[in-house]
Amino acid sequence: MTPSDRDEAEIEASRAPLMDHLIELRGRLLICVVAFFLAFILCFAFANQIQIALIKPYQAAVAIHAAALATGGHANPIELIAVMTGIKPYPPGSAAVVQLIATAPLEQLFTKMKIAAFGAAVLTFPVMAWQMYRFVAPGLYRNERGAFLPFLIAAPVMFCLGGALVYYVMLPFVMLFSLSQQVATDGISVAQTTKISDYLSLVTSLLLAFGLCFQLPVVTTLLGLAGLISSKVMAAGRRYAIVAVVVVAAVVTPPDPISQLMLAVPLVILYEISIWCVRLIELRRKKADDLEAEIA
(Lines give C-alpha, C1' and ligand atoms only; values in the text may rest on other atoms or scores of the structure.)
Protein backbone atom coordinates (compact mmCIF):
# COMPACT_ATOMS: atom_id res chain seq x y z
CA MET A 1 0.00 0.00 0.00
CA THR A 2 1.43 3.38 -1.04
CA PRO A 3 1.44 6.44 1.28
CA SER A 4 -1.39 7.95 -0.77
CA ASP A 5 -3.49 4.83 -0.30
CA ARG A 6 -2.91 4.91 3.46
CA ASP A 7 -3.91 8.57 3.58
CA GLU A 8 -7.09 7.85 1.64
CA ALA A 9 -7.91 5.00 4.02
CA GLU A 10 -7.42 7.25 7.08
CA ILE A 11 -9.65 9.98 5.65
CA GLU A 12 -12.32 7.45 4.72
CA ALA A 13 -12.22 6.03 8.26
CA SER A 14 -12.66 9.51 9.75
CA ARG A 15 -15.81 10.28 7.78
CA ALA A 16 -18.83 11.12 9.95
CA PRO A 17 -22.42 12.32 9.41
CA LEU A 18 -23.00 16.06 9.04
CA MET A 19 -24.76 16.26 12.41
CA ASP A 20 -21.68 14.81 14.15
CA HIS A 21 -19.50 17.48 12.53
CA LEU A 22 -21.91 20.22 13.64
CA ILE A 23 -21.94 18.90 17.20
CA GLU A 24 -18.15 18.79 17.23
CA LEU A 25 -17.98 22.33 15.82
CA ARG A 26 -20.36 23.57 18.53
CA GLY A 27 -18.20 22.00 21.23
CA ARG A 28 -15.00 23.54 19.89
CA LEU A 29 -16.63 26.97 19.53
CA LEU A 30 -17.83 26.69 23.12
CA ILE A 31 -14.26 25.98 24.26
CA CYS A 32 -13.05 29.10 22.40
CA VAL A 33 -15.79 31.27 23.94
CA VAL A 34 -15.05 30.04 27.46
CA ALA A 35 -11.30 30.56 26.96
CA PHE A 36 -11.91 34.11 25.69
CA PHE A 37 -14.20 34.90 28.63
CA LEU A 38 -11.66 33.65 31.19
CA ALA A 39 -8.84 35.54 29.46
CA PHE A 40 -10.99 38.70 29.39
CA ILE A 41 -11.54 38.49 33.16
CA LEU A 42 -7.81 37.95 33.73
CA CYS A 43 -6.82 40.89 31.51
CA PHE A 44 -9.45 43.17 33.04
CA ALA A 45 -8.14 42.34 36.52
CA PHE A 46 -4.69 43.53 35.40
CA ALA A 47 -5.94 46.36 33.16
CA ASN A 48 -4.07 49.06 35.11
CA GLN A 49 -0.77 47.19 34.80
CA ILE A 50 -1.38 46.61 31.09
CA GLN A 51 -2.14 50.31 30.62
CA ILE A 52 1.08 51.30 32.36
CA ALA A 53 3.08 48.90 30.19
CA LEU A 54 1.49 50.26 27.01
CA ILE A 55 2.21 53.86 28.08
CA LYS A 56 5.94 53.16 28.57
CA PRO A 57 6.81 53.96 24.91
CA TYR A 58 5.10 57.34 25.32
CA GLN A 59 7.02 57.94 28.53
CA ALA A 60 10.34 57.20 26.81
CA ALA A 61 9.46 59.63 24.00
CA VAL A 62 8.54 62.33 26.54
CA ALA A 63 11.85 61.85 28.35
CA ILE A 64 13.96 62.07 25.18
CA HIS A 65 11.97 65.06 23.93
CA ALA A 66 12.38 66.88 27.25
CA ALA A 67 16.14 66.18 27.30
CA ALA A 68 16.48 67.51 23.74
CA LEU A 69 14.61 70.71 24.67
CA ALA A 70 16.80 71.18 27.77
CA THR A 71 20.01 70.95 25.76
CA GLY A 72 18.68 72.89 22.78
CA GLY A 73 19.50 69.99 20.43
CA HIS A 74 17.58 67.34 18.55
CA ALA A 75 16.24 64.06 19.86
CA ASN A 76 18.51 61.09 19.21
CA PRO A 77 16.56 58.14 17.72
CA ILE A 78 19.25 55.64 18.77
CA GLU A 79 19.04 56.91 22.34
CA LEU A 80 15.25 56.58 22.22
CA ILE A 81 15.49 52.89 21.26
CA ALA A 82 18.18 52.32 23.90
CA VAL A 83 15.99 53.87 26.61
CA MET A 84 12.94 51.93 25.47
CA THR A 85 14.77 48.59 25.48
CA GLY A 86 16.35 49.30 28.88
CA ILE A 87 19.92 49.50 27.56
CA LYS A 88 20.23 53.08 28.81
CA PRO A 89 18.45 54.85 31.69
CA TYR A 90 16.32 57.94 31.19
CA PRO A 91 18.41 61.06 30.53
CA PRO A 92 19.36 62.83 33.77
CA GLY A 93 16.99 65.66 34.63
CA SER A 94 14.49 64.72 31.90
CA ALA A 95 10.80 65.11 32.66
CA ALA A 96 9.48 61.59 32.06
CA VAL A 97 6.02 62.41 33.38
CA VAL A 98 3.15 61.48 31.07
CA GLN A 99 -0.27 63.04 31.58
CA LEU A 100 -3.16 61.47 29.70
CA ILE A 101 -6.72 62.68 30.11
CA ALA A 102 -10.19 61.12 30.10
CA THR A 103 -12.95 63.47 28.95
CA ALA A 104 -15.98 61.28 29.70
CA PRO A 105 -17.15 59.81 33.02
CA LEU A 106 -16.87 56.17 31.90
CA GLU A 107 -14.13 56.61 29.31
CA GLN A 108 -11.49 54.93 31.47
CA LEU A 109 -13.79 51.96 32.16
CA PHE A 110 -14.54 51.40 28.50
CA THR A 111 -10.85 51.81 27.69
CA LYS A 112 -9.98 49.06 30.18
CA MET A 113 -12.63 46.84 28.64
CA LYS A 114 -11.17 47.37 25.16
CA ILE A 115 -7.70 46.55 26.48
CA ALA A 116 -9.05 43.43 28.18
CA ALA A 117 -10.79 42.32 24.96
CA PHE A 118 -7.64 42.88 22.90
CA GLY A 119 -5.50 41.03 25.44
CA ALA A 120 -8.01 38.18 25.60
CA ALA A 121 -7.96 37.82 21.81
CA VAL A 122 -4.16 37.61 21.84
CA LEU A 123 -4.02 35.16 24.74
CA THR A 124 -6.69 32.83 23.36
CA PHE A 125 -5.35 32.76 19.80
CA PRO A 126 -3.36 29.54 20.43
CA VAL A 127 -6.48 27.90 21.85
CA MET A 128 -8.58 28.97 18.87
CA ALA A 129 -5.92 27.88 16.39
CA TRP A 130 -5.59 24.48 18.08
CA GLN A 131 -9.35 23.93 18.10
CA MET A 132 -9.52 24.85 14.42
CA TYR A 133 -6.70 22.42 13.66
CA ARG A 134 -8.38 19.60 15.62
CA PHE A 135 -11.60 20.20 13.68
CA VAL A 136 -10.03 20.08 10.20
CA ALA A 137 -7.26 17.54 10.94
CA PRO A 138 -9.39 14.42 10.19
CA GLY A 139 -9.87 15.70 6.63
CA LEU A 140 -6.16 16.24 5.99
CA TYR A 141 -3.58 13.81 4.70
CA ARG A 142 -0.88 12.70 7.13
CA ASN A 143 1.82 14.84 5.48
CA GLU A 144 -0.57 17.81 5.46
CA ARG A 145 -1.21 17.41 9.20
CA GLY A 146 2.51 17.27 9.87
CA ALA A 147 3.10 20.38 7.75
CA PHE A 148 0.20 22.32 9.26
CA LEU A 149 1.31 21.98 12.89
CA PRO A 150 4.44 24.20 12.62
CA PHE A 151 2.27 27.07 11.41
CA LEU A 152 0.33 26.96 14.69
CA ILE A 153 3.63 27.95 16.33
CA ALA A 154 4.87 30.25 13.58
CA ALA A 155 1.73 32.42 13.49
CA PRO A 156 1.88 33.64 17.14
CA VAL A 157 5.67 33.97 16.95
CA MET A 158 5.42 36.25 13.90
CA PHE A 159 2.63 38.21 15.57
CA CYS A 160 4.85 38.75 18.63
CA LEU A 161 7.74 39.89 16.40
CA GLY A 162 5.48 42.46 14.76
CA GLY A 163 4.20 43.59 18.17
CA ALA A 164 7.77 43.91 19.49
CA LEU A 165 8.69 46.12 16.53
CA VAL A 166 5.71 48.36 17.35
CA TYR A 167 6.37 48.49 21.09
CA TYR A 168 10.12 49.05 21.10
CA VAL A 169 10.65 51.03 17.88
CA MET A 170 7.54 52.18 16.04
CA LEU A 171 5.43 53.61 18.86
CA PRO A 172 8.21 55.61 20.57
CA PHE A 173 9.08 57.17 17.21
CA VAL A 174 5.45 58.03 16.49
CA MET A 175 5.01 59.69 19.88
CA LEU A 176 8.33 61.53 19.59
CA PHE A 177 7.26 62.82 16.18
CA SER A 178 3.94 63.95 17.66
CA LEU A 179 5.68 65.77 20.52
CA SER A 180 7.96 67.56 18.07
CA GLN A 181 4.90 69.15 16.41
CA GLN A 182 4.09 71.20 19.53
CA VAL A 183 4.43 74.97 19.30
CA ALA A 184 5.78 77.17 22.10
CA THR A 185 6.55 80.80 21.17
CA ASP A 186 5.94 84.20 22.75
CA GLY A 187 2.28 84.31 23.71
CA ILE A 188 1.37 81.19 21.73
CA SER A 189 1.41 77.61 22.95
CA VAL A 190 0.10 74.51 21.24
CA ALA A 191 0.60 71.61 23.65
CA GLN A 192 -0.24 67.98 23.03
CA THR A 193 -2.92 66.74 25.41
CA THR A 194 -3.69 63.14 24.58
CA LYS A 195 -6.81 61.23 25.56
CA ILE A 196 -6.16 57.84 27.11
CA SER A 197 -8.70 56.20 24.80
CA ASP A 198 -7.16 57.74 21.66
CA TYR A 199 -3.65 56.72 22.67
CA LEU A 200 -4.54 53.12 23.52
CA SER A 201 -6.64 52.85 20.35
CA LEU A 202 -3.54 53.86 18.39
CA VAL A 203 -1.44 51.30 20.27
CA THR A 204 -3.84 48.40 19.75
CA SER A 205 -4.38 49.36 16.09
CA LEU A 206 -0.64 49.39 15.40
CA LEU A 207 -0.10 46.12 17.27
CA LEU A 208 -2.88 44.45 15.30
CA ALA A 209 -1.75 45.90 11.96
CA PHE A 210 1.90 44.91 12.39
CA GLY A 211 1.01 41.53 13.87
CA LEU A 212 -1.23 40.69 10.92
CA CYS A 213 1.23 42.04 8.33
CA PHE A 214 3.96 39.86 9.82
CA GLN A 215 1.80 36.82 8.98
CA LEU A 216 2.87 37.24 5.34
CA PRO A 217 5.38 34.34 5.34
CA VAL A 218 2.89 32.09 7.14
CA VAL A 219 0.08 32.81 4.67
CA THR A 220 2.21 32.56 1.53
CA THR A 221 3.84 29.35 2.73
CA LEU A 222 0.43 27.81 3.39
CA LEU A 223 -0.69 28.88 -0.09
CA GLY A 224 2.45 27.31 -1.52
CA LEU A 225 1.80 24.15 0.47
CA ALA A 226 -1.71 24.00 -1.01
CA GLY A 227 -0.32 24.54 -4.50
CA LEU A 228 -2.21 27.81 -4.97
CA ILE A 229 0.92 29.89 -5.54
CA SER A 230 4.41 29.24 -6.86
CA SER A 231 7.79 30.82 -6.20
CA LYS A 232 8.09 31.78 -9.88
CA VAL A 233 4.83 33.73 -9.75
CA MET A 234 5.90 35.44 -6.53
CA ALA A 235 9.31 36.35 -7.94
CA ALA A 236 7.78 37.65 -11.18
CA GLY A 237 5.32 39.79 -9.22
CA ARG A 238 7.94 41.24 -6.88
CA ARG A 239 7.53 44.80 -8.23
CA TYR A 240 3.77 44.72 -7.78
CA ALA A 241 4.19 43.25 -4.31
CA ILE A 242 6.51 46.10 -3.29
CA VAL A 243 3.95 48.64 -4.50
CA ALA A 244 1.23 46.83 -2.53
CA VAL A 245 3.47 46.81 0.57
CA VAL A 246 4.02 50.57 0.30
CA VAL A 247 0.28 51.15 -0.04
CA VAL A 248 -0.49 48.95 2.97
CA ALA A 249 2.20 50.72 5.02
CA ALA A 250 0.75 54.11 4.08
CA VAL A 251 -2.76 53.02 5.11
CA VAL A 252 -2.11 51.29 8.44
CA THR A 253 0.59 53.59 9.85
CA PRO A 254 0.47 57.24 10.95
CA PRO A 255 1.09 59.76 8.15
CA ASP A 256 4.85 60.17 8.50
CA PRO A 257 7.53 58.62 6.26
CA ILE A 258 9.52 57.08 9.14
CA SER A 259 6.58 55.02 10.36
CA GLN A 260 5.78 53.89 6.84
CA LEU A 261 9.37 52.80 6.21
CA MET A 262 9.41 50.90 9.52
CA LEU A 263 6.61 48.70 8.21
CA ALA A 264 7.45 48.65 4.50
CA VAL A 265 11.07 47.52 4.86
CA PRO A 266 10.33 44.49 7.10
CA LEU A 267 7.43 43.49 4.83
CA VAL A 268 9.65 43.55 1.74
CA ILE A 269 12.19 41.38 3.58
CA LEU A 270 9.43 39.02 4.70
CA TYR A 271 8.19 38.79 1.11
CA GLU A 272 11.64 37.68 -0.03
CA ILE A 273 11.72 35.12 2.79
CA SER A 274 8.29 33.92 1.66
CA ILE A 275 9.60 33.26 -1.85
CA TRP A 276 12.35 31.04 -0.46
CA CYS A 277 9.89 29.23 1.83
CA VAL A 278 7.62 28.42 -1.11
CA ARG A 279 10.65 27.37 -3.16
CA LEU A 280 11.73 24.93 -0.45
CA ILE A 281 8.21 23.49 -0.32
CA GLU A 282 8.28 22.97 -4.09
CA LEU A 283 11.62 21.16 -3.87
CA ARG A 284 10.35 18.90 -1.08
CA ARG A 285 7.16 18.16 -3.02
CA LYS A 286 9.19 17.26 -6.12
CA LYS A 287 11.39 14.88 -4.11
CA ALA A 288 8.32 13.27 -2.52
CA ASP A 289 6.65 12.82 -5.92
CA ASP A 290 9.79 11.27 -7.38
CA LEU A 291 10.06 8.89 -4.42
CA GLU A 292 6.41 7.85 -4.70
CA ALA A 293 6.85 7.28 -8.44
CA GLU A 294 9.81 5.00 -7.75
CA ILE A 295 7.81 3.04 -5.13
CA ALA A 296 4.87 2.67 -7.49
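Tutor: Let us start with exposure: a residue is buried under 20% relative accessible area, exposed over 50%, and partly exposed in between (1.4 Å probe, protein chains only). This is a predicted model, in which local features need pLDDT of at least 70, side-chain atom pairs count only at pLDDT 80 or more, and totals for chains, interfaces and linings use all residues. Residues are numbered from 1 along each chain as its sequence is written, and side-chain values use heavy atoms, with hydrogens and water left out.

Student: Why does Arg238 count as partly exposed?

Tutor: Arg238 has 29% relative accessibility, so it counts as partly exposed, and Glu272, at 26%, is partly exposed too.

Student: What makes Arg238 and Glu272 a salt bridge?

Tutor: A salt bridge needs a side-chain nitrogen of Lys or Arg within 4 Å of a carboxyl oxygen of Asp or Glu. The closest N and O atoms of Arg238 and Glu272 are 2.6 Å apart, and the pair therefore meets that definition. Arg238 lies in helix α10 (residues 238-252) and Glu272 in helix α11 (residues 257-295), so their pairing ties together parts that are 34 residues apart in sequence. Helices here are DSSP runs (H or I, at least four residues), numbered from the N terminus.

Definitions and conventions. Helices (H or I, at least four residues) and strands (E, at least two) are DSSP runs, numbered from the N terminus.
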